[in-house]
Amino acid sequence: MKLITTMSAEEARSFFLKHESYCNFSLPPYFDFQPILEVVKDGLSGIQNGLSDIGLKKASKFDRVNYILQTNKDGHYAWRPFQLIHPALYVHLASMITTNENWTLIKQRFEEFRENEKICAASLPREASDDNSSNAAESVKGWWNEVEQSSIEKSLDFKYVFHTDVANFYPSIYTHSISWAIHKKEVAKKPENRHNYDFIGVSIDKAIQHMQNGQTNGIPQGSVLMDFIAELILGYTDSELSKRLNALGIEDYHIIRYRDDYRVFTNTKEDNDTIAQQIALTLQDLGLQLNASKTTSSEDLIIGSIKEDKLEALSLFDKSQREATIQNSLLKIVLFSRKFPNSGQILKQLAKLSRRLDKKKTLKENPRIIISIITDIMVNNPRTFASCALTLSKALKFIDDINEKIELLKKIRNKLNSILGTGVLDIWMQRISYSIQPDMEYDEPLCSITAGVPGIEIWEYNWIDNGTFKNNCLSTSIINREILAKLDSEIKEDEVVLFPYGTDSGG
């Protein structure tokens, strides 16, 4: 594992320009953004001033430069927009950040953010050190080691812990605060510096505005590059919080921050309350707010260090699960999901269940009932779309008649029509149906591209002046047809699951 802040400028640029960094949410393996990133990188390198020479400033005049892929958070009225940043803007921004001069300054700022050892930032992007692990898996390992395990260890030193996070973090970020984080607020806000493009913070701010029709509120979610920019802002927040606590003479504490989630350890309730207030005030200075509904305090540091859903899963999903019927195991997941919707534990149990189904040659239970229950989990837990698709594909193999399979897939789609903003779900349903009926229609434009429908463009290119560069981008496919042609309707575990969760014999 290699932290982003230990990389050279060249290593960081290479890391940001990988498919897995460009799109860090789960899509089927035939989606491949590496070719278009390479085409854009090569194309911009041949233009003297890069994107600035071929229309950069015009991008903000267009409403939908990035592609927004909506996904539902709760099965009802909460949506989360993942964005596939326009490749030209993405490569431009990544290249600009990772010039030797700019990267040296940014790394120096992160060193300054980490000066207070009592505030630990555990969510910096990291690259897997071997081909058998993914960057996403390394991030999960980092959370387990540096947040959960470290929190348990802190029970030896402290009496109280409280948890809180930032409300609606990515959509609330004020883009000007990026420059504050890199150059310090008092410097960045000087009138002569606010539009000084020699300041990398100003250039990042403007580049993000170009993606968003000139808006200064919010940054796109869905890439490692934007996660890194978010860490810049949160690192600056850590530094400002440290100054506030030092001024108040508060010394007996430890804070673990993972992205916008905080765990604060103290030995007095007074310090607990004071630090909570100071976090809130620090965030307010950046236009951010604490999420009051998710702020909790506990004197039980062991229990308080482990997520409630994980604790309940330990007792509900025991080894006897392997002896239960598939239906009963699924019903346990349903009951658990009603109490802890979208929990990561649901993904874990679905992965285990899919492995059980994978090993079976015959199924004594009615597969239609199994399929019905999995669909219910999908409806109520949108975070589980990919994992449910994995399990669903294993259950569908027990339906022999292809026409019946197609009819079941159509019924599932009709059931899921009640969920708005299900582009990600359409993509995973197409992953199952493509080898059964390639022309099955879905509303999501990315599905149309996969099906080979001509004339579908997900990014706006009319702001780019250079015809050769534009045409090269437009002719570069984001679908690897060779991979698509080889896949059957049964999803493989490694397409979805970050870790092997163990087999029926344990783990």
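Biologist: Why does Lys-184 count as partly exposed?

Modeller: Its relative accessibility is 38%. Buried means under 20% relative accessible area, exposed means over 50%, and partly exposed lies in between (1.4 Å probe, protein chains only). Lys-184 therefore counts as partly exposed.

Biologist: What are the ground rules?

Modeller: This is a predicted model, in which local features need pLDDT of at least 70 and side-chain atom pairs count only at pLDDT 80 or more, while totals for chains, interfaces and linings use all residues. Residues are numbered from 1 along each chain as its sequence is written, and side-chain values use heavy atoms, with hydrogens and water left out.

Biologist: Where does Lys-184 lie?

Modeller: In the loop between helix H8 (176-183) and helix H9 (185-188). Helices (H or I, at least four residues) and strands (E, at least two) are DSSP runs, numbered from the N terminus. The phi of Lys-184 is near 80 degrees, a positive value in a residue other than glycine.

Biologist: Which value puts Asn-213 among the partly exposed residues?

Modeller: Its relative accessibility of 31%. Asn-213 also has a positive phi, about 55 degrees, and is not a glycine. It belongs to the loop between helix H10 (200-211) and helix H11 (224-247).

Biologist: Why is strand E6 called largely enclosed?

Modeller: Six of the six residues of E6 (residues 160-165) are buried, so the rest of the structure largely encloses the strand. Side chains in a regular strand alternate between the two faces of the sheet. In E6, Tyr-160, Phe-162 and Thr-164 point one way, while Val-161, His-163 and Asp-165 point the other way. All of these are buried.

Biologist: What makes E6 and strand E8 a pair?

Modeller: Two strands pair if DSSP finds at least two bridges between them. Six bridges join E6 to E8 (residues 261-266), and the two run antiparallel. Phe-162 has Val-264 as its bridge partner in E8.

Biologist: How many bridges link E6 and strand E9?

Modeller: Three, in the antiparallel sense, with E9 spanning residues 296-298. Val-161 stands opposite Ser-298 there.

Biologist: How many aromatic pairs does the structure hold?

Modeller: It holds 16. Take Tyr-22 and Phe-33: the ring centres are 5.1 Å apart and the planes at 55 degrees, so the pair is tilted. The rule is that rings of Phe, Tyr and Trp (its six-membered ring) pair if their centres lie within 6.5 Å; planes under 30 degrees apart count as stacked, over 60 as edge-to-face and the rest as tilted.

Biologist: What does the pair of Tyr-22 and Phe-33 tie together?

Modeller: Tyr-22 lies in helix H2 (residues 19-22) and Phe-33 in the loop between H2 and helix H3 (34-45), so the pair ties together parts eleven residues apart in sequence. Tyr-22 and Phe-33 are buried.

Biologist: What makes the pair of Phe-110 and Phe-113 edge-to-face?

Modeller: The planes stand at 80 degrees, with 5.6 Å centre to centre. Phe-110 and Phe-113 are three residues apart in helix H5 (residues 100-113), which means about one helical turn separates them. Both are buried. They also belong to one aromatic cluster with Phe-15, Phe-16, Trp-103 and Phe-228.

Biologist: How do you know that the charged end of Lys-185 sits over the ring of Trp-180?

Modeller: A charge sits over a ring if NZ of Lys or CZ of Arg is within 6 Å of the ring centre and within 35 degrees of the ring normal. The charged end of Lys-185 is 4.4 Å from the centre of the Trp-180 ring and sits over it. Arg-413 likewise sits over the ring of Tyr-442, its charged end 4.8 Å from the centre.

Biologist: What makes Lys-339 and Glu-312 a salt bridge?

Modeller: A salt bridge is a side-chain nitrogen of Lys or Arg within 4 Å of a carboxyl oxygen of Asp or Glu. The side chains of Lys-339 and Glu-312 meet at 3.0 Å, N to O. Lys-339 lies in helix H15 (residues 326-339) and Glu-312 in helix H14 (residues 308-316), so the pair ties together parts 27 residues apart in sequence.
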